[in-house]
Amino acid sequence: MSTEPTVGIPELAFPLRRVAIVPAYNEERNIVRVLAELKAFDAGLDIVVISDGSTDRTREVAEAHGARVLQLPFNLGIGGAVQTGFRYAWENGYDLALRVDGDGQHDASQLGAVMGPVVAGEVDIAIGSRFVATGGYRSSAVRRVGIRLLAWVVTRIAKQPLTDTTSGFQVLNRKAIRLYAADLPHDYPEVEGLVMAIRHKIRVCEVPVRSEEHTSELQSH
């Protein structure tokens with residue numbers, strides 16, 4: 001977990017309905033901590049867990065700890081699970097969607113920093129980047145090379161520097177929610193979705209965050 005000072009919820013000029021979208025696949029061991037951290041960050045935050053065909057007790061554990069759970073009948077993969085969450089957010093009139101993975105790799109206390117540019121109206125999507133901060137995320141050499149290559153490609157398309165195009169730690173406003181609710185690629189949802197967003201004139205920025213490397217079934221399914 002980060003030892004940096006927690007950034008609180010940005011001051012809102014008017015109430016914004018906000019929901020945390022938490023895709024999870026067989027995360028009964030991690031989901032309690034994820035939910036607790038989200039509630040500690042923002043007691044007024046609604047939380048929806050998308051249990052992506054989980055075969056363990058993800059659904060039961062999440063519901064017991066106060067989350068709304070959408071149980072998919074079979075495993076769709078991360079893209080399908082996340083799009084389900086965005087459809088829920090759009091159909092239920094949420095102004096902000098905070099995407100946090102269910103494996104516990106994201107530090108919910110940093111969501112305030114990621115929310116900031118979106119709440120201020122500066123961008124439509126803010127991405128928590130593991131690579132902007134120094135001394136942050138560590139992963140295998142092969143994985144780092146792949147991430148950097150994808151970032152280079154998307155940077156050229158976006159015509160702005162982007163370092164972490166595979167990050168699942170994001171905050172989106174209503175405009176971006178609508179786009180992803182209607183269409184989100186399922187193979188590489190973060191990367192392809194970002195390219196799609198840029199082509200639809202969605203404003204994007206990165207915010208430095210710290211993250212833990214996690215080996216999770218969610219990452220590989």
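## Helix α4 on the sheet

Helix α4 (residues 111–119) lies across β4 (96–99), β5, β6 (170–173) and β7. Its direction is about 25° to β6. Helices (H or I, at least four residues) and strands (E, at least two) are DSSP runs, numbered from the N terminus. Axes are lines fitted to C-alpha atoms, for helices over the stretch in contact, with angles from 0 to 180 degrees between N-to-C directions. Contact means heavy atoms within 4.5 Å.

## Basis of the model

The model is predicted: local features need pLDDT of at least 70, side-chain atom pairs count only at pLDDT 80 or more, and totals for chains, interfaces and linings use all residues. Residues are numbered from 1 along each chain as its sequence is written, and side-chain values use heavy atoms, with hydrogens and water left out.

## The sheet

Seven strands form an open sheet with mixed pairing. Their order is β3-β2-β1-β4-β6-β5-β7. Two strands pair if DSSP finds at least two bridges between them. β3 and β7 (204–208) stand at the edges, each with a single partner strand, so one side of each has no neighbour in the sheet. On average, neighbouring strands are turned by 20° against each other, direction ignored.

Ser51 has Gln71 in β3 as its bridge partner. β5 (residues 125–129) and β7 also run parallel, joined by five bridges. Here Ile127 stands opposite Glu206 in β7.

## The β-α-β unit

β2, helix α2 (residues 58–64) and β3 make a right-handed β-α-β unit. Right-handed means that, with the strands pointing away from the viewer, the path from the first strand over the helix to the second runs clockwise.

## Packing of α3 and α6

The axes of α3 (residues 78–91) and α6 (residues 174–182) come within 8 Å and cross at roughly 130°. The two helices are therefore oblique to each other: angles under 35 degrees count as roughly parallel, over 145 as roughly antiparallel, 65 to 115 as roughly perpendicular and the rest as oblique.

From α3, the contact takes in Gln83, Phe86, Arg87, Ala89 and Trp90. From α6 come Arg174, Ile177, Arg178, Tyr180, Ala181 and Ala182.
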